[in-house]
Amino acid sequence: MRPHYIPLHSMFQDRLHSQLVPALQLAFKALFGHDLAAKAITFQSTRPEFEGDITINVFPFLKVSGKAPEQTAQAIGEFLQKEVPVVARFNVVKGFLNIQISDAYWLGFLREARSKDILQFPSNGRKVMVEYASPNTNKPLHLGHMRNIFLGYSVSRILESAGNDIVRVQVINDRGIHICKSMVAWRKFGNGETPSATMKGDKLVGKYYVEFDRIHKKEIDGLIAAGRSKEEAEKGSPILLEAQEMLRKWEANDPEVRALWERMNSWCYAGFDATYERAGVHFDKNYYESQTYLLGKNDVLEGLKRGVFYEKDGAVWVDNTPEGLDEKVLLRRDGTSVYMTQDIGTAIKRFEEYPGLSQLIYTVGNEQDYHFKVLFLILKKLGFAWAGELHHLSYGMVDLPSGKMKSREGTVVDADDLMEEVVTEARAAGERLSKLDDFSEQEKTELFEMIGMAALKYYLLKVDAKKRMLFDPAASIDLQGHTGPFIQYTYARTQSLLRKAGIMDVWQHEHSGAWPLLPEERTVLKLLHQFPAVLNESATKLDPSSVANHAYELVKAYNSFYQTVPVMKEEDPAKREFRLELSSCVAAVTRKAMWCLGIEVPERM
RNA sequence: GGUCCCGUAGCUCAGCUGGAUAGAGCAGCAGCCUUCUAAGCUGCCGGUCGUUGGUUCGACUCCAACCGGGAUCGCCA
């Protein structure tokens, strides 16, 4: 059961609906002598080809009304028009009652929306931890990490806008055999190489990880050629044995190994920091596996004592077969932990460190769906009240046009290269349009950075997170159509208008109602009106794509308005000011929606 | 084999708790800049919503089976 982040009635859309529901109930009582449950009423947006704002489908009520669809809708429509002030008029098409909401209502809404940030919900008193990165320190970040990071960061901002207090964390897998592999290779073949301007620390460590793999494979081939079985060869390779020996020394706190480990990890962190900075994300706290990998053992033993787990062949197991899952080892026969054990301990530790924590969200790929299902179930079995507030924000893998990304085959897209590429492309496009001749080099650099990153982030966020997606490099640097830069462009347009108009803080002219709202204005107003509900939906579903797609709908509608309706060129000052107010509200909502996606918007472009 | 996810236009994706002739973008075609930023706007072209059944007044949406794609089920991390 996920919480509603704000009371429903404080969202404009629901507030409007709540004016209609009691009236509908009265209508049914008066017209058909029927007590209509509020739940039975659903509203939908009127399709653009018909006149109206809200549509009620009367098909479900035909039994109650005992009349044909048209007559039923007509009767209800007449009742509503007479009884509800915001209902301006209505029309009936087949079984659909299309209701037109009064201009006065929309103008009132705009005025209210202008006076505050309609996408910032009041605090709900909840603290939510979002884990949205979990890199290994033996290789650089790639495209898959980018989806993870942008997704989790966006969700954290969406939740923040929805009134939650957020703790952003990453967990760094800084120990284990994989790091030792890089360390062994560097010690043997590195000749003291250190990070440089042309070789970031994470790239350097990754280079030796690859080098290890190369030697390892060569040794395996050699052993097989010498008559060993494949399995023997894989386990008996000298360089692998060396890495395992290094891991043992690390666990025994060998000073030399620890020093090398510290040194190479610090290179890696410096590299990650640069990547994160360019990506525009930050963390409130880092969890290091080297400090948490022993956690969980005592909790498992405690669970064993209480009969939550059981012992078999000297190992500790949990039986999840009653829940349709499998049995799972939690402590090996030699008493050591498995990954699950650590995760149990780490979750417990986090709730101890943050006593007021309401929810914990793990942003991790869907290949770990099963792992988290088991983890959450175990914590529930251990009796933690917060176990129900754990959430796996699962996302699909990113494929390339050439197929799956495989590090072994060198088909991974490096995160730094990717960001560099989109920014370069943004620059090329910007120079081509040459609208920015008065910009300094510095200003241009900042702008193109903003645009390129918007292209990349929006491309990754507009797709439903849980779905596997295709990364098309050409499409990701596209600046037209359903893209981040298109949204930025529209924002820049609004700013251009508002600059020309000067800052307007007050309505100087009353809207007399003498002129009706234009269809283009209405469309934009309705999309603005829906935004809080969309944000709430995104927050509830932990899904940025709703906000992303709605932002696109909004700016598309605004562009259409902009292209056909004069604003500054409008001679009637009341109309001009109204359209500027509308533009200003579109700008504010667009900026906030993009903020929720971790994307900045420019004043000009 | 068990469990889970996905299958909508040539390509990439939207389609809310079932509701009106299934929507965008890209690609293709045709228009629109002496006037508020053409990174834009307008129109055209393009779909038996994987298949077959079922539930319903009504199914892209719910259920079942099947086909196709993917993930996962270690005393690995």
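1. Two strands pair if DSSP finds at least two bridges between them. Strands here are DSSP runs of E with at least two residues, and helices are runs of H or I with at least four, both numbered from the N terminus. With that in hand, look at strand β2 (residues 54-57) and strand β4 (residues 96-101): they pair in the antiparallel sense over four bridges. One bridge to find on screen is that of I54, whose partner in β4 is I99.

2. A quick word on what you're looking at. This is a predicted model, where local features need pLDDT of at least 70, side-chain atom pairs count only at pLDDT 80 or more, and totals for chains, interfaces and linings use all residues. Residues are numbered from 1 along each chain as its sequence is written, chains are lettered from A and ligands numbered from 1 in the order in which they are written, and side-chain values use heavy atoms, with hydrogens and water left out.

3. Now for the domains, whose bounds come from an automatic or database domain assignment. Chain A splits into domain 1 (8-101), domain 2 (176-282) and domain 3 (415-596). Between the C-alpha centres of domain 1 and domain 2 there are 67 Å.

4. Back to β2 and β4, which belong to an open sheet of four strands, ordered β1-β2-β4-β3 with antiparallel pairing. Its edge strands are β1 (44-45) and β3 (87-93), each pairing on one side only. Helix α1 (residues 12-32) lies across β2, β3 and β4, and runs at about 35° to β2. For angles like this, axes are lines fitted to C-alpha atoms (for helices, over the stretch in contact), and the angle runs from 0 to 180 degrees between N-to-C directions.

5. Which strands form the open sheet with parallel pairing? Five of them do, in the order β7-β6-β5-β11-β12. β7 (285-288) and β12 (390-395) are at the edges with a single partner strand each, so one side of each has no neighbour in the sheet. Ignoring direction, neighbouring strands of this sheet are turned by 25° against each other on average.

6. Zoom in on strand β5 (residues 127-133) and strand β11 (residues 357-365), which pair in the parallel sense over five bridges. Here V128 stands opposite Q359 in β11. Helix α5 (residues 143-161) packs on the sheet and touches β5, β6 (165-172), β11 and β12, its direction making about 165° with that of β5. Contact, by the way, means heavy atoms within 4.5 Å.

7. Next, a helix pair: the axes of helix α6 (residues 177-189) and α10 come within 10 Å and cross at roughly 100°. The two are therefore roughly perpendicular to each other (angles of 65 to 115 degrees get that label, under 35 is roughly parallel, over 145 roughly antiparallel, and the rest oblique). Among the residues making the contact are W186 of α6 and W261 of α10.

8. Compare helix α19 (residues 519-541) and helix α21 (residues 573-596): their axes come within 11 Å and cross at roughly 30°. That makes α19 roughly parallel to α21.

9. N253 has a positive phi of about 65° although it is not a glycine, and N253 sits in the loop between α9 (238-251) and α10 (255-279). D313, also not a glycine, has a positive phi near 55°; look for D313 in the loop between β8 (310-312) and β9 (315-319).
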